[in-house]
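Okay, everyone, thanks for coming. Let me put the structure up, and then I'll walk you through a few residues.

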Amino acid sequence: RRAGIAVGAYHYANPGSATNDATNEANWFLQNASLSSGDLLPVLDVEATNGLGVSQMQTWVSTWLERVRTVTGLRAIIYTSPGFWASAMGDTRQFADAGYTILWVAHWNTTSPTVPAQDWGGHSWTFWQYSSTGSVAGISGSVDLDRYRGTSLAASLFIP
């Protein structure tokens, strides 16, 4: 924050079939994330099924997102890859249609990302992670590299 870098809370989804699994994960996130005014909206990283089928995954993601929205009033950013979304989520656009319009798409080794869910319901991508092997001065090892589809971060990306 002091360096002027946008920060936020990010949750790696670990879906399971136990009763209330998505709600329990959302509650853990809400208890442990530091959601502050001026930070980026919360992010749900969806890239593992742990054996759940498409309809189970759709329900799991919907439950997690809705719990976070109910408690915070915020619609989270969804992070995923086009291949995962197509196979594990049935390429559904239900989330974009329900107001989860901010997509952070992970699509490496390409000059332009493929956007799942019919171009995310016509909203396209907001953030594009185009590499996992970047280099940044002062950080040892590889880092993810991302682009923002715009010239400056929009106010709608931040917690009011």
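**Around Gln129**

Let's start with Gln129, which, leaving aside its neighbours within four places in sequence, is in contact with Tyr79, Trp104, Val105, Ala106, His107, Trp108, Asp144, Leu145 and Asp146. By contact I mean heavy atoms within 4.5 Å.

Quick housekeeping before I go on. This is a predicted model, where local features need pLDDT of at least 70 and side-chain atom pairs count only at pLDDT 80 or more, while totals for chains, interfaces and linings use all residues. Residues are numbered from 1 along each chain as its sequence is written, and side-chain values use heavy atoms, with hydrogens and water left out.

Back to Gln129: you'll find that residue in strand β5, residues 127–134. Strands here are DSSP runs of E, at least two residues, and helices are runs of H or I, at least four residues, both numbered from the N terminus. Is Gln129 buried or exposed? Gln129 counts as buried because its relative accessibility is 3%. The cut-offs are under 20% relative accessible area for buried, over 50% for exposed and partly exposed in between, using a 1.4 Å probe and protein chains only.

The Gln129 side chain also has a polar contact of 3.2 Å with the side chain of Asp144. A polar contact is a pair of N or O atoms within 3.5 Å; within protein, one must be able to donate a hydrogen and the other to accept it, and residues adjacent in sequence count only if both atoms are side-chain atoms. And look at Asp146: 17 residues along the chain from Gln129, yet the two C-alpha atoms are separated by 4.1 Å.

**Over to β3**

One of those contacts, Tyr79, takes us to strand β3, residues 77–80, which is covered on both faces. Ile77 and Tyr79 are buried on one side, Ile78 and Thr80 on the other. What does β3 pair with? On one hand there's β2, residues 43–45, running parallel to β3 and joined by three bridges; two strands pair if DSSP finds at least two bridges between them. Asp45 is the residue opposite Tyr79 there. Between β2 and β3 the chain passes through helix α2, residues 54–72, in a right-handed β-α-β crossover. Right-handed means that, with the strands pointing away from the viewer, the path from the first strand over the helix to the second runs clockwise.

Then there's β4, residues 103–106, also paired with β3 in the parallel sense over three bridges. Val105 in β4 is the bridge partner of Thr80. Thr80 itself counts as buried because its relative accessibility is 1%. A polar atom of the Thr80 side chain lies 2.8 Å from the backbone oxygen of Val46. Beyond four places in sequence, the contacts of Thr80 include Trp85 and Leu103.

His11 sits in strand β1, residues 10–12, and counts as buried because its relative accessibility is 7%. Its side chain makes a polar contact of 2.7 Å with that of Glu25.

Ala117 is in helix α5, residues 116–121, with phi near 55°, a positive value in a residue other than glycine.
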